[in-house]
Amino acid sequence: MWYREELKTRAKNAIGRNYWRCVLVALVLMLFVSTDYNSNSSSSDNTSSSDTLLEDLYDPALYDPDHISIEIGDEAEADTSGMFSEYGWMKYPLRIGSTLLYSTLPLVRGIWLLLQTAAGALITVGLVLVALVCSILVTPLLEIGGCRFFMDNAWADSQRTPVRCDLLLSAFHNGSYWNAVATQFRRKLFLFLWSLLFVIPGIVKSYEYCMIPYLLADFPNLPPDEAFRISQEMMDGNKWDTFVLDLSFLGWELLSSVTLGIAGVLFVNPYQYATKAELYLVLKEQHRL
């Protein structure tokens, strides 16, 4: 049996031992694990500016011989009818050239827009592929490293023993990289498939599998089947209490929103991660792992 107040008190004490390190690790987790990729609006701005440039190039008045102004000496003839009558030999070449340029501008504009569209599509596909690869090979291991950091921070004694921030990268060099990737991928895939059925089963399974990153941080060579089995056993009878524990942070989440995320970075996010680490340690002790 465990109590929310006791876990949260332990979490606050653990954060106080290595406050700024906890803030830094929680910030990295918030940026790379808990948030979605935002689209950049700069491409639309570039497109609009290039379209404006092409519209200027496509202005018929710029290529109509009746509007052409040619400087002769120090004087500029705004009315080209006199110039064409006086310099008749220039009339037809200018008219033919301007007509050819005027007629080819739609084709040039079309090619330019096509190239823009193709480049935009390639960039979008490339970004999606990079995000997909990172979501499989990078962010799940950062999540495990974050669990490792907050677990070690919870174990630290009251003498404010510093916990290394490089524990965030522990899953990348502990010799079980591909085991962690395979287990985390399987977990995310199962959660996605369960969420396709109904919302409630997806939520239930998310709590059933929530101890897997902590198990991988604690036992890097744990096989995927064992990780799923142990997490299910640990959360058996604890899913509802863990759900209520998450609900108890709603007030803090509201404070984070009111302060434009400042409270979240400086306290709320480290508080939540530290509390979940304390929960894992309690459940681990109860199941004698």
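Predicted model: local features only at pLDDT ≥ 70, side-chain atom pairs only at ≥ 80, totals over all residues.
Q: How many helices and strands are in the protein chain?
A: Helices (H or I, at least four residues) and strands (E, at least two) are DSSP runs, numbered from the N terminus. Here you get 14 helices and 2 strands.

Q: What percentage of the residues count as buried?
A: Buried is under 20% relative accessible area, exposed is over 50%, and partly exposed is in between (1.4 Å probe, protein chains only). Of the 289 residues in the protein chain, 33% are buried.

Q: Which residues make the nonpolar surface patch?
A: Patch members have over 30% relative accessible area and no salt bridge; nonpolar side chains (Val, Leu, Ile, Met, Phe, Trp, Tyr) are joined within 5 Å, like charges within 9 Å. A salt bridge puts a side-chain nitrogen of Lys or Arg within 4 Å of a carboxyl oxygen of Asp or Glu. Areas come from the Shrake-Rupley method with a 1.4 Å probe, and for residues only the protein chains shown count as cover. In this model, Phe185, Leu189, Phe192, Leu193 and Leu196 make a patch of about 480 Å². Phe185 sits in helix α8 (residues 177–197) and is partly exposed because its relative accessibility is 43%.

Q: How many aromatic pairs are there?
A: A pair of rings is described by the distance of the centres and the angle of the planes. Rings of Phe, Tyr and Trp (its six-membered ring) pair if their centres lie within 6.5 Å; planes under 30 degrees apart are stacked, over 60 edge-to-face, the rest tilted. That rule gives 14 aromatic pairs. Take Phe149 and Phe150: their centres are 5.2 Å apart and their planes at 90°, so the pair is edge-to-face. Phe149 is buried at 0% relative accessibility, and Phe150 is buried at 3%. Phe150 also pairs with Tyr273, stacked, at 5.6 Å centre to centre and 25° between the planes. Phe150 lies in helix α7 (residues 139–155) and Tyr273 in helix α14 (residues 262–287), so this pair ties together parts 123 residues apart in sequence.

Q: Where does the charged end of Lys8 sit?
A: A charge sits over a ring if NZ of Lys or CZ of Arg is within 6 Å of the ring centre and within 35 degrees of the ring normal. The charged end of Lys8 is over the ring of Phe249, 4.6 Å from its centre. Phe249 also belongs to a cluster linked by ring pairs with Trp252, Phe267 and Tyr271.

Methods:
Residues numbered from 1 in each chain as written. Heavy atoms only, no water.
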